[in-house]
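We will go stop by stop.

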Amino acid sequence: MPEVLGRHDADLLQELYSTGLLVALLVEEELAKTDVPDQLFSFIGWVTRLQPVTPGALSAETGLPPTTVRDYVRRLVERGDVRKIPNPADGRSYHLVLTAKGRGITDRGWPAVVAAFERVNRHLARPAGEYLANMRELREAVRLALAESEATPRRPAAQAESSTR
């Protein structure tokens, strides 16, 4: 493949993507040592961090499409991990909060997250806080880039698929 101007810098996106996949594998491995299901564990973590939170805010924060967030919310409500409460600012929408069962999942799962972090931390060249600040900056940059595309109409999925074949 010929060298493309700025390719090295563009590799940042590949590194971010691959890092996310590896983190998921590592946390899933640690969760497997507990009685905590890994299914939707990270999403429950976002609810924990932001609650009370609207599905729209979860979509904006995680980058998940609203339809995926609605599916996750439905599943978590059915499992009894979260509940919907009326949004006092808007009677048409709702907030999500953890139930006692959901808090139990996060409480039991947190040691797995800590164990995964400790495994990584042993191999870091600098303090973890330095990486965290950079990752938050990168995450915000990616969110802003996506927000730019939301103003542009997207091609229908079928048209997009056929143009990539």
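Of the contacts in the chain with a separation of 6 or more, what share comes from residues 24 or more positions apart? Such residues account for 54% of those contacts. Keep in mind that this is a predicted model.

**Stop 1: the whole chain**

Show the chain as a cartoon. It has 7 helices and 2 strands. Follow the elements from the N terminus: they run α-α-α-α-β-β-α-α-α. The chain exposes about 11,700 Å². Carbon and sulfur atoms supply 59% of that area. Of the 165 residues in the chain, 20% are buried.

**Stop 2: the nonpolar core**

Select Leu31, Phe43, Val47, Leu58, Leu76, Val82 and Leu96. These residues have the most contacts inside the largest nonpolar core, which has 21 residues. Which elements give two or more residues to this core? They are α1, α2, α4 (66-79), β2 (90-98) and α5 (100-121). The largest share, 5 residues, comes from α2.

Zoom in on Phe43. Leave aside its neighbours within four places in sequence. Phe43 is then in contact with Leu58, Leu64, Val69, Tyr72, Val73 and Leu76.

**Stop 3: helix α3**

Select residues 55-62, which form α3. Which residues of α3 are buried? They are Pro55, Leu58 and Ser59. These residues lie on the same side of α3, because they cover an arc of only 100° around the axis. What covers them includes α2, α4 and β2. Just after α3, stop at Gly63, which takes a positive phi of about 85°.

**Stop 4: two loops around α2**

Start with Leu40, in the loop between α1 (7-31) and α2. Leu40 is not a glycine, yet it has a positive phi of about 65°. Is Leu40 buried or exposed? It counts as buried because its relative accessibility is 12%, and the cut-off for buried is under 20%.

Next, select Gln51 and Pro52. A cis peptide bond joins the two, with omega at about -10°. Pro52 sits in the loop between α2 (41-50) and α3.

**Stop 5**

Select residues 82-87, which form β1. How many bridges join β1 to β2? There are 6, and the strands run antiparallel. Pick out Asn87: its bridge partner in β2 is Asp90.

Now select Asp81, in the loop between α4 and β1. Asp81 counts as buried, because its relative accessibility is 0%. Which residues does it touch, leaving aside its neighbours within four places in sequence? Asp81 is in contact with Ile44, Leu76, Val97, Leu98, Thr99, Lys101, Gly102 and Ile105.

**Stop 6: the salt bridges**

Side chains of opposite charge can pair when their charged atoms come close. A search of the whole structure finds 13 salt bridges.

Begin with Glu30 and Arg119. Their closest N and O atoms are 2.7 Å apart. Glu30 lies in helix α1 and Arg119 in helix α5, so the pair ties together parts that are 89 residues apart in sequence. Glu30 counts as buried, at 7% relative accessibility. Arg119 is partly exposed, with a relative accessible area of 27%.

Move to Asp35 and Arg108. The closest N and O atoms of this salt bridge are 3.1 Å apart. The pair links distant parts of the chain, 73 residues apart: Asp35 is in the loop between α1 and α2, and Arg108 is in helix α5. Asp35 is exposed, with a relative accessible area of 57%. Arg108 is partly exposed, at 37%.

Finish with Arg143 and Glu140. Here the closest N and O atoms are 3.0 Å apart. Both residues belong to helix α6 (residues 128-150). They are 3 residues apart, so about one helical turn separates them. An α-helix has 3.6 residues a turn, so residues three or four places apart point the same way. Arg143 is partly exposed, with a relative accessible area of 26%. Glu140 is also partly exposed, at 34%.

Methods: Residues numbered from 1 in each chain as written. Predicted model: local features only at pLDDT ≥ 70, side-chain atom pairs only at ≥ 80, totals over all residues. Heavy atoms only, no water. Helix = DSSP H or I, 4+ residues; strand = E, 2+ residues; numbered from the N terminus. Buried < 20%, exposed > 50% of the residue type's maximum accessible area, 1.4 Å probe, protein only. Core = buried A, V, L, I, M, F, W, Y, C linked by side-chain atoms within 4.5 Å. Contact = heavy atoms within 4.5 Å. Arc of directions from axis to C-beta. Pairing = 2+ DSSP bridges. Areas by Shrake-Rupley, 256 points an atom, 1.4 Å probe, with all protein chains shown as cover. Salt bridge = Lys/Arg side-chain N within 4 Å of Asp/Glu carboxyl O.
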